[in-house]
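Here's a quick briefing to read alongside the structure.

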Amino acid sequence: MCTVTATDDCSNDKYMESFKLYRRLSPINCLDLSYSPSTHQEYFQRVISPTSTEIIDNLTCTNLGLIPLNQWEMYHCTHCPTDGLYIISNPFTQEGQQQWIKKCLNDYPTNQKYLSNLPEHVDRSPLFNDKLRWLTLGYHYDWTQKTYSKQNYTPLPEDLELLSKIIIQKFNPTEKYYYPEAVIVNYYHLNSTLCGHTDHSEENLDRPLISISFGNIGIFLIGGQDKSIEPIPMRLNSGDIVIMTKQTRLAYHGIPKIIEDNSLSKILKNSDDEKWSQYWNYISKNRININIRQVY
Ligand SMILES: O=C(O)CCC(=O)C(=O)O
Ligand SMILES: [Fe+2]
């Protein structure tokens with residue numbers, strides 16, 4: 001994703017200019033300049049969507065680590081260069097975030113059915129191997145060919161499938177044909193970056209893309225459908241969910257910077273589970289992103 005091809009025109013690459021700027025900036029300056037619904041109300045419009053609590057009851061939400069749907073705070077980013085960027089401010093409970101973090105650090109990487117950047121038969125848990133960068137679940141993305149194939153498929157965990165369906169139901173109750181089919185779990189160290197790219201390999205680009213963040217703060221740089229458009233920096237906190245739809249579904253985006261979140265210990269450090277401390281040690285120094293797409 002980070003390669004420059006012969007056809008790329010770098011002469012008017014405002015995306016790259018901003019990416020380099022945020023990469024270089026100090027954490028304090030990055031935080032000062034990046035937008036979130038709590039710090040820049042003027043750039044976000046609260047969206048109130050009616051949700052059918054008959055279909056999704058509070059028990060289902062609790063089991064998935066979510067607060068009740070009528071308490072979710074969803075915002076339309078009105079300042080994004082393209083229309084269609086939404087953010088749901090952390091709708092997870094403390095235990096809920098911890099439950100999903102554990103799945104990403106233990107259940108998914110240790111299940112050899114899922115593919116990763118690591119060779120087979122090594123210990124893939126990021127708790128013991130700091131080389132894990134990504135895992136794919138569902139239709140596995142072929143990073144070289146930049147394609148999915150119907151033959152290369154591992155069913156998604158049922159709870160992850162349900163989580164994404166609930167997010168889309170809340171986002172748009174009329175969205176009847178949403179099927180989560182491909183998931184990439186990204187693992188970031190504090191000095192990792194993800195270069196600007198568009199996610200265009202899915203056959204069906206009409207369905208929204210969901211992106212869930214856990215752990216330290218990600219500066220999410222989101223631009224337009226070509227790199228000449230100046231991007232804006234958004235601050236993604238632990239638990240925040242981004243939805244990319246309409247024109248934003250094909251907009252350039254990336255992560256130039258991860259910033260240590262000093263308030264993370266207040267929300268994630270403590271747990272009744274005595275095994276949690278090893279997960280805390282990881283998540284206090286890293287960031288995880290779960291990226292969910294419909295392919296067909
Ligand atoms: O880490 C993020 O927030 C973004 C990840 C992403 O854009 C991707 O996996 O395609
Ligand atoms: Fe992406």
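Let's start with histidine 253, which counts as buried because 22 C-beta neighbours fall inside 10 Å, and 20 or more is the cut-off for that label. Keep in mind that this is a predicted model.

**Histidine 253 and the annotated site**

- Histidine 253 sits in strand S13.
- Setting aside residues within four places in sequence, histidine 253 is in contact with Gly196, Phe220, Leu221, Ile222 and Gly223.
- UniProt, in an unreviewed entry, lists His197, Asp199 and His253 under "binding site". These are spread over 57 residues of sequence but cluster in space, with 9.0 Å as the largest C-alpha distance.
- Aspartate 199 belongs to the loop between strand S8 (194–197) and S9.
- Is aspartate 199 buried or partly exposed? It is partly exposed, because 19 other C-beta atoms lie within 10 Å, and the buried label takes 20 or more.
- Beyond four places in sequence, aspartate 199 touches Leu209 and Arg293.

**Around ligand 1**

- Which residues are around ligand 1? They are Ile184, Asn186, Leu194, Asp199, Ser211, Ser213, Gly218, Phe220, His253, Ile255, Asn289 and Asn291.
- Five elements are listed as giving two or more residues to this shell: strand S7 (182–189), strand S9 (209–215), strand S10 (217–222), strand S13 (253–259) and strand S14 (286–293).
- Sorted by class, the shell has four nonpolar, seven polar and one charged residues.
- Leaving out residues up to four places away in sequence, phenylalanine 220 touches Met234, Leu236, Val242, His253 and Ile255.

**Leucine 156**

- Look for leucine 156 in the loop between strand S6 (153–154) and H5.
- Why does leucine 156 count as buried? Because it has 21 other C-beta atoms within 10 Å, and the label needs 20 or more.
- Leucine 156 and tyrosine 114 are 42 residues apart along the chain, and their C-alpha atoms are separated by 9.4 Å.

**The annotated domain**

- The unreviewed UniProt entry gives the annotation "domain: Fe2OG dioxygenase" to residues 179–296.
- Residues 179–296 are 11% helix and 42% strand, and the end C-alpha atoms of this span lie 9 Å apart.

**The whole protein**

- The protein has seven helices and 14 strands. Its radius of gyration is 18 Å, close to the 19 Å that the globule rule gives for 296 residues, so the protein is as compact as a globular protein of that length.
- Taken along the principal axes, the C-alpha atoms fill a box of roughly 55 × 45 × 40 Å.
- Of the 296 residues, 42% count as buried.
- Among contacts between residues at least 6 apart in sequence, 76% join residues at least 24 apart.

Technical notes:
Residues numbered from 1 in each chain as written. Chains lettered and ligands numbered in written order. Predicted model: local features only at pLDDT ≥ 70, side-chain atom pairs only at ≥ 80, totals over all residues. Contact = placed C-beta atoms within 7 Å. Near = placed C-beta within 6 Å. Helix = DSSP H or I, 4+ residues; strand = E, 2+ residues; numbered from the N terminus. Nonpolar A, V, L, I, M, F, W, Y, C, P; charged D, E, K, R; others polar. UniProt positions renumbered as here; feature names shortened; annotations may be inferred. Buried ≥ 20, exposed ≤ 12 C-beta atoms within 10 Å, placed from the backbone. Rg over C-alpha atoms; globule rule 2.2 N^0.38 Å.
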